Amino acid sequence: MRLTRLVGECDGGECPTIYRTDRGTLAVQGERITDHGIRVPEHEAMVEIPVELIRRAIRDKLI
């Protein structure tokens, strides 16, 4: 899978980021959260990103 960075909180690579994939989907990088009380399958993860990241991606017409 190839990822194209759309928008992120910083340029260092260790910050919340939204990517476009070559599959026509989005990939999200964020802090893994485990204290949510929801059963998540082993092949999936819950991540947390700032709402502002989504707003910026929409405002800039990236998604």
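Start by selecting strands S2 and S3, which pair in the antiparallel sense over four bridges. Strands here are DSSP runs of E with at least two residues, helices are runs of H or I with at least four, and both are numbered from the N terminus; two strands pair if DSSP finds at least two bridges between them. You are looking at a predicted model, in which local features need pLDDT of at least 70 and side-chain atom pairs count only at pLDDT 80 or more, while totals for chains, interfaces and linings use all residues. For your selections, residues are numbered from 1 along each chain as its sequence is written, and side-chain values use heavy atoms, with hydrogens and water left out.

Now follow the chain from S2 into S3: the two form a hairpin with four residues between them.

Next, pick Thr17 in strand S2 (residues 17-21). Which residue in S3 stands opposite Thr17? That is Gln29, in strand S3 (residues 26-29). Thr17 counts as buried because its relative accessibility is 3%, whereas Gln29, at 23%, counts as partly exposed. The cut-offs are under 20% relative accessible area for buried and over 50% for exposed, with partly exposed in between (1.4 Å probe, protein chains only).

Show contacts (heavy atoms within 4.5 Å) around Thr17. Leaving aside neighbours within four places in sequence, its partners include Val7, Gln29 and Leu53. Do likewise for Gln29, and among its partners you will find Cys15, Tyr19 and Ile49.

**A stop at Cys15**

Select the backbone oxygen of Cys15. The side chain of Thr17 reaches this oxygen at 2.9 Å, and a polar atom of the Gln29 side chain lies 3.3 Å from it. The C-alpha atoms of Gln29 and Cys15 are separated by 7.3 Å, although the residues are 14 apart along the chain.

**The whole sheet**

The three strands form an open sheet in the order S1-S2-S3, with antiparallel pairing. Strand S1 (3-8) and S3 are the edge strands, each pairing on one side only. From one strand to the next, the twist averages 30°. S1 and S2 pair over five bridges, and Val7 stands opposite Ile18 in S2.

Finally, select helix H1 (residues 51-59), which packs on the sheet and touches S1 and S2. Its direction makes about 110° with that of S1; axes are lines fitted to C-alpha atoms, for helices over the stretch in contact, and angles run from 0 to 180 degrees between N-to-C directions.

Technical notes. A polar contact is a pair of N or O atoms within 3.5 Å; within protein, one must be able to donate a hydrogen and the other to accept it, and residues adjacent in sequence count only if both atoms are side-chain atoms.
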